[in-house]
Amino acid sequence: MKNIIIAPSILSADFANLEKEIRAIDVGGCDWVHIDVMDGTFVPPITIGDNIVKAIRPHTEKVLDVHLMVEHPETQVEAFAKAGADIITVHQETCVHLERTLQLIRSLGCKAGVSLCPSTPVSNIKDVLHCLDLVLLMSVNPGYGGQSYIHAVTSKIEETRSMLDAAGSNADLEVDGGVNTATIAEVVDAGANAVVAGSAVYNKPDYAAAMSELRELAAG
Ligand code: DX5
Ligand code: ZN
C-alpha cells in the first residue's frame with residue numbers, strides 16, 4: 001500500500017470563503033495545503049501574496065506547501081517564510097543562482113523545493129540535489145487550474161525518481177497539474193509520492209470523498 005501525500009491546491013477554492021475552504025480540506029484529510037503564488041509575469045495571472053499565507057496560517061496545522069511561480073523568487077522567500085510557509089518551492093527557470101536560493105530557503109527554516117515546467121529537462125537540477133527537499137514536476141504549463149495532464153511528463157517522473165534514488169536523496173517528488181481520478185495511478189506508478197489536486201478536490205461537492213477516492217486509486 002503506497003502512502004501518498006495529497007496536497008489540494010487552493011487555487012480552485014472559493015476565495016470569498018477561504019477560511020471555510022481551508023478548514024474543509026483539513027478535516028477532510030488532506031496532508032498538505034498547496035498554495036499557488038503567481039506574479040503576472042512568470043505566469044499571466046496574479047494570485048496570492050504572503051499576506052494571504054499569513055491569514056491562512058492560524059486556520060490549519062497542515063503543511064503549507066507554497067509554490068512560487070514568480071520572477072526573482074529570492075526576493076520573496078523571506079516574506080513567505082515569515083508568513084508561515086513550511087515548504088517553499090521556486091522554479092528552476094526563474095533562478096540563475098538556484099543553489100543559493102535553495103540554501104536561503106533552508107536557512108529560513110523551511111524545506112526547499114524546486115519546480116520544473118514540462119519543457120525543462122530533469123538534468124537541470126542534478127547539481128543541486130544536496131540542498132533539495134522536494135522536486136515539483138509540472139504536468140501542465142503553470143498558470144491555471146483545471147488543465148489536462150501532459151502524458152509526456154510521466155517519463156520525467158520516472159527519470160526524476162531514478163535520479164533521486166541513485167543519489168540517495170529523500171526529497172519528496174510531487175506532481176502538479178491535471179492530477180485526478182483518471183491520471184493519479186499513472187503519476188504514482190511512475191514514482192511520485194506527493195500530488196497536487198486542485199480541481200479534482202475543490203470542484204467536487206464532497207472534498208473528503210474526493211481525497212479518499214484519489215488515495216484509493218493511488219494505492220492501486
Ligand atoms: C498551476 C498550479 C496548480 C493548479 C493545479 O499553475 O501550479 O497547482 O492549481 O490545478 P489542477 O489540479 O486543477 O490541474
Ligand atoms: Zn502549484
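The residues of the shell around ligand 1 divide into 8 nonpolar, 10 polar and 2 charged (Ala, Val, Leu, Ile, Met, Phe, Trp, Tyr, Cys and Pro count as nonpolar, Asp, Glu, Lys and Arg as charged, and the others, Gly among them, as polar). Please keep in mind that this is a predicted model, in which local features need pLDDT of at least 70 and side-chain atom pairs pLDDT 80 or more, while totals for chains, interfaces and linings use all residues. Residues are numbered from 1 along each chain as its sequence is written, chains are lettered from A and ligands numbered from 1 in the order in which they are written, and side-chain values use heavy atoms, with hydrogens and water left out.

Let us stay with the ligand. In total, 20 residues surround ligand 1, and the closest are Asp36, Gly143, Asp176, Gly198 and Ser199; a residue belongs here if one of its heavy atoms lies within 4 Å of the molecule. Ser9 places a polar side-chain atom 3.1 Å from one oxygen atom, and His34 has a polar side-chain atom 3.5 Å from an oxygen atom. From Gly198, a backbone N or O atom lies 2.8 Å from an oxygen atom of ligand 1. The protein covers 100% of the 380 Å² of accessible area that ligand 1 has on its own (Shrake-Rupley method, 1.4 Å probe).

Which elements give two or more residues to this shell? They are β2 (32-38), β3 (63-69) and β8 (194-197), and β2 gives the most, with 3 residues.

Now step back to the whole chain, which has 8 helices and 8 strands; these are DSSP runs, helices being H or I of at least four residues and strands E of at least two, numbered from the N terminus. The radius of gyration is 16 Å, close to the 17 Å that the globule rule gives for 220 residues, so the chain is as compact as a globular protein of that length (taken over C-alpha atoms; the rule is 2.2 Å times the number of residues to the power 0.38). Along its principal axes, the C-alpha trace spans about 45 × 40 × 30 Å.

One last stop is His72, in the loop between β3 and α3 (77-83). Phi of His72 is near 50°, a positive value in a residue other than glycine.

Terms used. A polar contact is a pair of N or O atoms within 3.5 Å; within protein, one must be able to donate a hydrogen and the other to accept it, and residues adjacent in sequence count only if both atoms are side-chain atoms.
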